[in-house]
Amino acid sequence: ARWIPRAIDMFCNLNDTFRIAMLMEEEEAYKVSSRSEDEDVKAQRDQVLSHVSKDIQERHMRNYSKILLGAPYLHTLAHGNLKQQAELHAILAEMQAIMGQVRSDDTSHLKNCIAQYAAPDPSDKGLEPPIYADNKSRALLGVNHPQLAAMLCPIKHAKAYHEDPTKVQAELQNGVIKIHSAVWPAFIYEGSPPGKDFDPDNVQEGFLKGYYLKRVFRHIFTSPSSAL
């Protein structure tokens, strides 16, 4: 359970994943089988799956397969009798609680280090203006901080930010430039400042190689002392 949010899917919902993936398994089994299927059961399954996009279905199936690879006993429970299925639901509930705790632990442990990891060369110079771990104010966090705004800026606007940071930061603050889940932030990319060498004609170059990502990864998977 502790590995799922770290290496499979940070926001995996186990009940949804097992429910949707098992319906997909059932659908596929009947496609290759000569057995006839109860029309009411098929209609109920089709109705459920019709409300889940193909991308989300594939995500659930991918998560399901990876989880079962590490815990094959869950597959036995999922296709067992009522008692075994009740056991599965109890196990999934416990696993879901552990996954939430893992996310909480990782983020709380990172909280005091974020300002240090965000600075390109923290041994030489920290963020300017500085951010302190015990600071309760959010006035200088996110896009209100010039260096953090550069990191959060959508990568396609990173070049413009480096050329005119005051103008682009204002556009980030007032919503002219939107920050949402469908765009990659500059800190995902290699470079100092992040995204400095981004090539719009080769978006894979430097992708997931940002120094901030590497530091956070090492903090979680090895130790905080190895992060920098």
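A salt bridge is taken here as a side-chain nitrogen of Lys or Arg within 4 Å of a carboxyl oxygen of Asp or Glu. The structure is a predicted model, in which local features need pLDDT of at least 70 and side-chain atom pairs count only at pLDDT 80 or more, while totals for chains, interfaces and linings use all residues. Residues are numbered from 1 along each chain as its sequence is written, and side-chain values use heavy atoms, with hydrogens and water left out.

Side chains of opposite charge can pair when their charged atoms come close. Searching the whole structure gives 6 salt bridges. One of them joins the side chains of R59 and D9, at 2.6 Å from N to O. This pair ties together distant parts of the chain, with R59 in helix α4 and D9 in the loop between α1 (4-8) and α2, 50 residues apart. Helices here are DSSP runs (H or I, at least four residues), numbered from the N terminus.

Helix packing comes next. Two packed helices are described by the angle between their axes and the distance between the axes. Axes are lines fitted to C-alpha atoms, for helices over the stretch in contact, and angles run from 0 to 180 degrees between N-to-C directions. Helix α2 (residues 14-31) packs against helix α4 (residues 54-70) at about 100°, with the axes 8 Å apart. The two are therefore roughly perpendicular, a label for angles of 65 to 115 degrees. Contact (heavy atoms within 4.5 Å) involves, among others, L14, F18 and M22 of α2 and H60, Y64 and I67 of α4. By class, this contact has 10 nonpolar, 4 polar and 2 charged residues. For these classes, Ala, Val, Leu, Ile, Met, Phe, Trp, Tyr, Cys and Pro count as nonpolar, Asp, Glu, Lys and Arg as charged, and the others, Gly among them, as polar.

Helix α2 also meets helix α6 (residues 82-111): their axes come within 9 Å and cross at roughly 135°. That angle makes α2 oblique to α6, the term for what is left once angles under 35 degrees (roughly parallel), over 145 (roughly antiparallel) and 65 to 115 are set aside. L14, N15 and F18 of α2 touch L88, H89, L92, M95, Q96 and M99 of α6. The classes here are 6 nonpolar, 3 polar and no charged residues.

The backbone deserves a look too. Most residues other than glycine have a negative phi, and most peptide bonds are trans. The bond from E128 to P129 is cis, with omega near 0°, and P129 lies in the loop between α7 (114-118) and α8 (146-152). Another cis bond runs from S192 to P193, with omega near 5°.
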